[in-house]
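Welcome! Please take a moment with the sequence and the 3D view below, and then we can walk through the fold together.

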Amino acid sequence: MDNKYKSVPVLPSEITPKSLYLSRRDFIKAAGLAAGSALLAACAPQVTATPSASAPQANGQTDELGDPVNTFEDITNYNNYYEFTTDKQGVAPMSQKFASSPWTVEVGGLVNNPKTYGIEDLLKKFTQGERIYRLRCVEAWSMVIPWTGFTLASLLKEVEPTSDAKFVRFETVYRPDEMPGQKSGFYPWPYQEGLRLDEAMNDLTLLATGLYGEPMPNPNGAPIRLVVPWKYGFKSIKSIVKIELVAEQPATFWNDLAPDEYGFYSNVNPARSHPRWSQTTERRIGEFSRRATLPFNGYGEQVAHLYDGMDLMVEY
Ligand code: MTE
């Protein structure tokens, strides 16, 4: 194992994202632009990364707000996946050999029909569709991603939660030999997340098994991950092996580490700053100027009612 990646604990106080600044790649692009504009003031060339010949193309796809999907290149090379490394551009190379097959997902807890599914069963059994969603990271960057997958609701209906089930808990695979970040004792492995049952049953909530029409790439959480588009990206847990229906609000990875910074709900809320930075704007990867962050990441019409009567400045 490369020593560089050995258990370097990142304190919550140090998590202030480098990504608030330009990523290294964008910095290089920006530097190229600046140099170009000095030489060729009126027609500065757009310096862009050259996509590899085989990378799937977006073909003009946009989300429902008209924003173009990010490139496959960006989506698969700028990732948060602390099981591998805290370096966003390091996840892709470090996760290359991760074995996402064979794979099973255990669905149990307070349900009438507990079941362990092979990933192939899930792909066969539940209707796969494409959804283009914005992913807004708590670090104030975002991307538009064409996911494929199926609704979490369709799976939950099949296992039949009992009337005592109030929350859903998710767990990522624990394989420190393949995932060097898990050797760090600083983090509360395995990564876990949770949703209230009504959030889990909402039609926006996906179990994603691919993107750009391809099976889920390793850096994005192969072979199956959650996507909850109105919440900060860290709720969208990757490489899930366990889904459990429970009666009490479950513990979550980031809330365990820094409860003052990361709440259970974690709805995208531009009015509530993170204690160390503002959430009012974000940088869309691939763009240079910042854009306003939308409440519930722009999905308020579909989900705001889930929080009627709650003070979302307190329940962050
Ligand atoms: N899931 C696991 N298991 N481990 C992680 O480190 N990072 C989260 C989330 N899911 C994370 C995870 C964070 S902080 C974000 S922003 C999204 O994954 C990033 O998803 P992406 O890399 O596919 O864009």
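How many cavities of 30 Å³ or more does a search of the whole structure find? The search finds 4 of them. Before we look inside, a word on the background: this is a predicted model, in which local features need pLDDT of at least 70 and side-chain atom pairs count only at pLDDT 80 or more, while totals for chains, interfaces and linings use all residues. Residues are numbered from 1 along each chain as its sequence is written, and side-chain values use heavy atoms, with hydrogens and water left out.

## The cavities

A cavity here is a set of points, on a 1 Å grid over the protein atoms alone, where a 1.4 Å probe fits but cannot get out; its lining residues have an atom within 4 Å of a point. Grid points are joined across faces, edges and corners, and the volume is the space filled by probe spheres set on the points.

The largest cavity has a volume of about 440 Å³. It is lined by 27 residues, and those closest to its centre are Asn80, Tyr81, Gly233, Phe234 and Lys238. Strand E4 (residues 141–151) gives the largest share of this lining, with 4 residues. Strands (E, at least two residues) and helices (H or I, at least four) are DSSP runs, numbered from the N terminus.

The second largest cavity has a volume of about 160 Å³. Of its 18 lining residues, Tyr232, Ser266, Asn267, Arg272 and Tyr316 are the closest to the centre.

| Cavity lining | Nonpolar | Polar | Charged |
|---|---|---|---|
| Largest cavity | 17 nonpolar residues | 6 polar residues | 4 charged residues |
| Second largest cavity | 8 nonpolar residues | 7 polar residues | 3 charged residues |

## The sheet

Now turn to the strands. In which order do the 5 strands of the open sheet lie? The order is E2-E1-E10-E5-E6, and the pairing is mixed. Two strands pair if DSSP finds at least two bridges between them. At the edges are strand E2 (115–118) and strand E6 (192–196), each of which pairs on one side only. From one strand to the next, the twist averages 15°.

With E2, strand E1 pairs in the antiparallel sense over 4 bridges, and the two form a hairpin with 5 residues between them. Within this pair, Val107 has Lys115 in E2 as its bridge partner. Strand E10 (residues 240–246) runs parallel to E1, and 4 bridges join them. There, Glu106 has Lys242 as its bridge partner, and Gly109 stands opposite Leu245. As you trace a strand, keep a general rule in mind: in a regular strand the side chains alternate between the two faces of the sheet.

Helix H5 (residues 152–159) lies across E1, E2, strand E5 (167–172), E6 and E10, and runs at about 135° to E2. Such angles run from 0 to 180 degrees between N-to-C directions, with axes fitted to C-alpha atoms, for helices over the stretch in contact.

## Details in the loops

Two peptide bonds deserve a look. A cis bond joins Trp189 and Pro190, with omega of about -5°, and Pro190 sits in the loop between E5 and E6. The bond from Ala222 to Pro223 is also cis, with omega near -5°; Pro223 belongs to the loop between strand E8 (214–215) and strand E9 (225–227).

Next come two residues with positive phi. Ser239, in the loop between E9 and E10, has a phi of about 45° although it is not a glycine. Phe296 has a phi near 50° and is likewise a residue other than glycine; its loop lies between strand E12 (291–292) and helix H8 (300–303).

Is Ser239 buried or exposed? Ser239 counts as buried because its relative accessibility is 0%, and Phe296 counts as buried at 12%. Buried means under 20% relative accessible area, exposed over 50%, and partly exposed in between (1.4 Å probe, protein chains only).

Finally, visit Asp256 in helix H7 (residues 253–257). Asp256 is partly exposed because its relative accessible area is 42%. Leaving out residues up to four places away in sequence, Asp256 touches Pro188, Gln192 and Ala251, where contact means heavy atoms within 4.5 Å. Asp256 and Gln192 are 64 residues apart along the chain, and their C-alpha atoms are separated by 9.8 Å.

Definitions and conventions
1 Å grid on protein atoms, 1.4 Å probe; cavity = no way out; pocket = protein on both sides within 12 Å on 5 of 7 lines; lining within 4 Å. Nonpolar A, V, L, I, M, F, W, Y, C, P; charged D, E, K, R; others polar.
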